[in-house]
Amino acid sequence: TVIATGPLTNVAWAIRNHPTQMMLCPRIVWMGGVVADRGNIPPLGCAEFNAYVDPDAVAEVLNFTIPVTVVPLDVTQRAILSLEERTKLNAHSSPICKAVYGISTFLCDLLRERGLSGFYLHDP
């Protein structure tokens, strides 16, 4: 399985240049697009970033013969690392937990200013 959490440029390249090897992949999971909400491209939220920057790659990947699971922005915005859960991360001795805690500080502060109580898990 290929998991893509950004624009599909490299996945489309792999399909064009190594289609036989890509056919061995059982599926592609992509965090991109938006279905029933606004996107994250200003000024009007007209698109989601990962789709916006390379729409040709999106079309190429979606038209390839293996299954693609699309996880759109409006779904990932429902997966939030709460401030309480984030505090628990800091209590762990794991370097990964400490890193997530540190990385999420700015974003949690920004989201709190917008009335949210956590950190989106768009592409952890």
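This is a predicted model: local features need pLDDT of at least 70, side-chain atom pairs count only at pLDDT 80 or more; totals for chains, interfaces and linings use all residues.

## Layout and helix packing

Read from the N terminus on, the elements follow one another in the order β-α-α-β-α-α-β-α-β-α-α-β. The C-alpha trace of the protein chain spans about 45 × 40 × 20 Å along its principal axes.

| Helix pair | Residues | Angle between axes | Distance between axes |
|---|---|---|---|
| H6 and H7 | 83-91 and 95-113 | about 155° | 9 Å |
| H1 and H4 | 9-17 and 55-62 | roughly 50° | within 8 Å |

Helix H6 and helix H7 pack at an angle of about 155°, and because angles over 145 degrees count as roughly antiparallel, H6 is roughly antiparallel to H7. The crossing in which H6 passes H7 is left-handed. On the side of H6 the contact is made by Leu83, Arg86, Thr87, Leu89 and Asn90, while H7 contributes Cys97, Lys98, Val100, Tyr101, Ser104, Thr105, Cys108 and Arg112. Sorted by class, the residues of this contact of H6 with H7 comprise six nonpolar, four polar and three charged.

Two of the residues in the contact of H6 with H7 are Arg86 and Tyr101, and they also form a pair of their own, in which Arg86 lies over the face of Tyr101 at 4.0 Å from the ring centre. As for rings facing other rings, the count of aromatic pairs comes to zero, by a rule that asks for ring centres within 6.5 Å.

The axes of helix H1 and helix H4 cross at roughly 50°, which makes H1 oblique to H4, and this crossing is left-handed. Here the contact is made by Thr9, Val11, Ala12, Ile15 and Arg16 of H1, together with Ala57, Glu60 and Val61 of H4. By class, the contact of H1 with H4 holds five nonpolar, one polar and two charged residues.

Definitions and conventions: Residues are numbered from 1 along each chain as its sequence is written. Side-chain values use heavy atoms; hydrogens and water are left out. Rings of Phe, Tyr and Trp (its six-membered ring) pair if their centres lie within 6.5 Å; planes under 30 degrees apart count as stacked, over 60 as edge-to-face and the rest as tilted. A charge sits over a ring if NZ of Lys or CZ of Arg is within 6 Å of the ring centre and within 35 degrees of the ring normal. Axes are lines fitted to C-alpha atoms, for helices over the stretch in contact, and angles run from 0 to 180 degrees between N-to-C directions. Helices (H or I, at least four residues) and strands (E, at least two) are DSSP runs, numbered from the N terminus. Angles under 35 degrees count as roughly parallel, over 145 as roughly antiparallel, 65 to 115 as roughly perpendicular and the rest as oblique. A crossing is left-handed if the near helix is turned anticlockwise from the far one by less than a right angle, and right-handed if clockwise. Contact means heavy atoms within 4.5 Å. Ala, Val, Leu, Ile, Met, Phe, Trp, Tyr, Cys and Pro count as nonpolar, Asp, Glu, Lys and Arg as charged, and the others, Gly among them, as polar.
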